[in-house]
Amino acid sequence: TPAPTTAVTAPAPARQLSPEAAAAKARRDIVKEIKGTQWGKDCSPEVAHAVARWSLDNGVDAVRHVELLGGKPYLNGDFYLEKAAPFVMSGELRYDEPQFVHADPGLILMANRKLEEVPEWEQPQVIWAREELFRRFQARVERGVPHDATGACVFIVHTKDGTPIVGANWCGGESKTKKRSGGERYRHDPIGDAEPTKTAQTRAARRALRQIIEAFPDSPLSRSVGKIEASAKALVAEV
């Protein structure tokens, strides 16, 4: 007697979402990602949804390209560096090596060692530390960088004709605190406090690239980001 056969039922096809429902789901997914970031974990649902909607409309990665500083969203250094990358490859732009200018504690310890108390082979390191400490001090004075910044960087971009554009920025220190109406002081830069050196570098690069966009509105970089920047200003006004 042949064994009884079991009918196999094909799985039901996935229900196709309408364009409106798919867009709403995409926004919800981005809001979840935003809430998982350093800057987004404490922002309000309204701000998270506004940023999610804006990022979808403009093809911007809300997690990698947006930060919240002082309660306002803005396009960060990673966004500008990625947009500028094709023009670096083509030779339209050229970067110098980033120059860190904060008062590094290890550097201070080395510079404060007495030459007569260290082995002869270490003396060049002490001399270099003293020179580097002064270079950083001088750069902070020239660029208006607070001396107590925990991360500070000078980033220089050269245009195709050789014009140097300098951007300087910093994280940490007393300048990054604010007062509430009751007089209580608080930190308002969680990303900068978490990674001061890395953040200072990307923000210095952002400042330099933004100067190029403002000074050369017809440049390839300006044309590539102009509409996105304009919509970002509208987003800030909405928030």
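**Close-up 1. Surroundings of L221 in the predicted model.** In this predicted model, L221 is in contact with K83, A84, F87, L93, L209, I212 and I213, once its neighbours within four places in sequence are left aside.

**Close-up 2. The largest nonpolar core.** This core comprises 39 residues, and the members that touch the most others are I34, V51, W54, L75, L93, L209 and L221. Two or more residues each are given to this core by helix 1 (19-35), helix 2 (45-58), strand 1 (66-69), helix 4 (77-89), strand 5 (151-159), strand 6 (164-171), helix 8 (196-215) and helix 9 (220-238). Helix 8 supplies the largest share, with 7 residues.

**Close-up 3. The aromatic pair of Y95 and F155.** A search of the whole structure finds 3 aromatic pairs, and one of them joins Y95 and F155 in an edge-to-face arrangement, with 5.1 Å centre to centre and 65° between the planes. The pair links distant parts of the chain, since Y95 lies in strand 3 (residues 93-95) and F155 in strand 5, 60 residues apart. Y95 counts as partly exposed because its relative accessibility is 26%, whereas F155, with a relative accessible area of 4%, is buried.

**Close-up 4. The aromatic pair of F134 and F137.** These two rings form a tilted pair, 6.5 Å centre to centre and with 35° between the planes. F134 and F137 are 3 residues apart in helix 6 (residues 123-143), and they are therefore separated by about one helical turn. F137 has a relative accessible area of 40%, so this residue is partly exposed.

Key:
Residues are numbered from 1 along each chain as its sequence is written. This is a predicted model: local features need pLDDT of at least 70, side-chain atom pairs count only at pLDDT 80 or more; totals for chains, interfaces and linings use all residues. Side-chain values use heavy atoms; hydrogens and water are left out. A nonpolar core is a set of buried Ala, Val, Leu, Ile, Met, Phe, Trp, Tyr and Cys residues joined through side-chain atoms within 4.5 Å. Buried means under 20% relative accessible area, exposed over 50%, partly exposed in between (1.4 Å probe, protein chains only). Helices (H or I, at least four residues) and strands (E, at least two) are DSSP runs, numbered from the N terminus. Contact means heavy atoms within 4.5 Å. Rings of Phe, Tyr and Trp (its six-membered ring) pair if their centres lie within 6.5 Å; planes under 30 degrees apart count as stacked, over 60 as edge-to-face and the rest as tilted.
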